[in-house]
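Take a moment with the model below. Then follow the text from one site to the next.

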Amino acid sequence: GAIVFKDVHFHYDPDRPILKGVSFEVPAGKTVAVVGPSGAGKSTISRLLYRFYDVQQGSITIDGQDVRDVTQKSLRAGIGMVPQDTVLFNDTIAYNIRYGRPGASDAEIEQATEVAQIARFIKELPDGYNTKVGERGLKLSGGEKQRVAIARTVLKAPPILILDEATSALDTTTEHEIQSALDVVSKNRTTLVIAHRLSTVVNADEIIVLKGGEIAERGSHSVLLEQN
Ligand code: ADP
Ligand code: ADP
């Protein structure tokens with residue numbers, strides 16, 4: 001699942017370009033992080049890859065195939081997206097996780113929750129995996145919801161992962177716990193990380209600094225730390 005952004009131009013409003021010729025590559029199995037100030041166009045990059053919108057100029061390819069040439073359904077089947085604010089179905093925890101792969105067995109679901117580091121928490125609930133969550137059930141914290149989303153993604157086992165500010169809404173302790181779960185999930189998987197802060201993307205193979213819709217800097221975590 002190699003991802004290539006080639007000279008990508010994008011605007012929501014023609015008078016206001018958001019991406020002005022962005023080119024980068026996420027080699028298969030590697031992790032690339034896009035960091036930068038708010039409004040730089042970071043999330044737009046993930047939305048283009050997941051095809052909420054199409055580029056106006058340039059191209060995005062996965063394994064050499066233009067994302068515009070595959071159906072949205074098959075494109076998304078190969079991508080796991082962990083957003084900033086996970087919204088869960090008003091149903092059981094098991095249902096929410098099994099959504100990642102409807103045929104999964106109970107044992108596979110439990111395995112996924114081990115990776116997401118939420119298995120023990122779930123087992124201690126009176127109804128365990130059958131606990132209803134959401135507005136009409138148990139209220140989960142942001143970190144717990146994120147872990148349910150991660151377990152769902154583990155089960156889906158997509159070749160490509162998009163982590164869009166997946167830990168930015170959490171307190172520092174929870175952020176570190178979720179980060180370690182995400183490090184396991186993204187290992188050997190083509191991963192695009194969108195993040196505000198350089199400190200959350202220590203393990204990325206390459207970091208791209210986006211400013212004003214252009215790549216301002218790129219390099220390893222240590223090189224960028226020295227320069228900033
Ligand atoms: P970042 O993730 O770096 O904070 P975004 O990609 O979310 O930035 O947004 C880049 C710019 O595009 C922002 O100025 C934002 O206001 C604008 N923008 C984002 N989404 C839309 C939209 N749906 N319609 C119009 N403008 C948008
Ligand atoms: P897919 O094409 O894999 O069915 P979607 O594009 O519908 O996925 O949604 C992307 C991801 O967002 C899903 O894998 C799921 O994790 C989550 N999702 C979609 N709709 C809902 C919803 N109504 N409630 C909770 N999570 C959802």
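By class, which residues make up the shell around ligand 1? There are five nonpolar, five polar and three charged residues. Here Ala, Val, Leu, Ile, Met, Phe, Trp, Tyr, Cys and Pro count as nonpolar, Asp, Glu, Lys and Arg as charged, and the others, Gly among them, as polar.

A word on the ground rules. This is a predicted model, in which local features need pLDDT of at least 70 and side-chain atom pairs count only at pLDDT 80 or more, while totals for chains, interfaces and linings use all residues. Residues are numbered from 1 along each chain as its sequence is written, chains are lettered from A and ligands numbered from 1 in the order in which they are written, and side-chain values use heavy atoms, with hydrogens and water left out.

Back to ligand 1. It is surrounded by 13 residues, each with a heavy atom within 4 Å of the ligand. Arg16, Gly39, Lys42, Ser43 and Thr44 are the closest. Strand S2 (16-26) and helix H1 (42-49) each supply at least two residues of this shell. H1 gives the most, with four. Helices (H or I, at least four residues) and strands (E, at least two) are DSSP runs, numbered from the N terminus.

Now look at the polar contacts, pairs of N or O atoms within 3.5 Å. The side chain of Thr44 has a polar atom 2.5 Å from an oxygen atom of ligand 1. For Arg16, a side-chain N or O atom is 2.7 Å from an oxygen atom of the ligand. For Arg47, the distance is 3.3 Å. On its own, ligand 1 has 560 Å² of accessible area (Shrake-Rupley method, 1.4 Å probe). The protein covers 66% of that area.

Move on to ligand 2. Around it are Tyr50, Arg76, Val87, Leu88, Phe89, Tyr99, Arg152 and Lys156. Five of these are nonpolar, none polar and three charged. Val87 uses a backbone N or O atom, 3.2 Å from a nitrogen atom of ligand 2. Lys156 has a polar side-chain atom 3.3 Å from an oxygen atom of ligand 2.

Last, a pair of helices. The axes of H6 (residues 142-156) and H7 (residues 172-186) come within 11 Å and cross at roughly 5 degrees. Axes are lines fitted to C-alpha atoms over the stretch in contact, and angles run from 0 to 180 degrees between N-to-C directions. H6 and H7 are therefore roughly parallel (under 35 degrees).

Notes
Polar contact = N/O pair within 3.5 Å; in protein donor to acceptor, adjacent residues only side chain to side chain. Parallel < 35°, antiparallel > 145°, perpendicular 65-115°, else oblique.
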